[in-house]
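Hi,

Here is the structure I promised to pass on.

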Amino acid sequence: QVQLVESGGGLVQAGGSLRLSCAASGRTFNNYAMAWFRQAPGKEREFVAVISTSGSSTAYAPSVKGRFTISRDNAKKTVYLEMHSLKPEDTGVYYCAANLVAGTSSRKYDYWGQGTQVTVSS
């Protein structure tokens, strides 16, 4: 069992930056791949980034590659999403997710946080 709580969302102007955090609980945190997804109004939840259990490998959606960075601190049981050069189309609710097997489909993940709102104004 893993419980996740996101924080760090807010309102930012286009071109700005935010860092999201996801605090996890559970004794097996270091065995879980961690991912970020987002959902804009009227759209499906989409993959943003994923990081392996050790943090050695990462993958990003093409829309955020080069602008976002996912990282994790297993000692703190926390995963981060550092976002730069934000665009209005980045607006949405951002969710962190955990699964024993990494993937890019939201349907693959067993554990989810409640989300944090990110709004990018033009």
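Phe-37, Phe-47, Tyr-95, Tyr-109 and Trp-112 are joined into a cluster by ring pairs. Rings of Phe, Tyr and Trp (for Trp, the six-membered ring) count as a pair if their centres lie within 6.5 Å; planes under 30 degrees apart are called stacked, over 60 edge-to-face, and the rest tilted.

This is a predicted model, where local features need pLDDT of at least 70 and side-chain atom pairs pLDDT 80 or more, while totals for chains, interfaces and linings use all residues. Numbering starts from 1 along each chain as its sequence is written, and side-chain values use heavy atoms, leaving out hydrogens and water.

Across the whole structure, the search finds six aromatic pairs. In one of them, Phe-37 and Trp-112 are tilted because their planes are at 50 degrees, with the ring centres 5.1 Å apart. This pair links distant parts of the chain, 75 residues apart: Phe-37 is in strand S4 (residues 33-39) and Trp-112 in strand S10 (residues 111-112). Strands here are DSSP runs (E, at least two residues), numbered from the N terminus.

Trp-112 also pairs with Tyr-109, this time edge-to-face, at 6.3 Å between centres and 70 degrees between planes.

Are these residues buried or exposed? Phe-37 is buried at 0% relative accessibility, and Tyr-109 is buried at 5%, whereas Trp-112 is partly exposed at 26%. (Buried means under 20% relative accessible area, exposed over 50%, partly exposed in between, with a 1.4 Å probe and protein chains only.)

Finally, Arg-45 lies over the face of Trp-112, 4.9 Å from the ring centre. For that, CZ of Arg or NZ of Lys must be within 6 Å of the ring centre and within 35 degrees of the ring normal.

Best wishes

Conventions: Helices (H or I, at least four residues) and strands (E, at least two) are DSSP runs, numbered from the N terminus.
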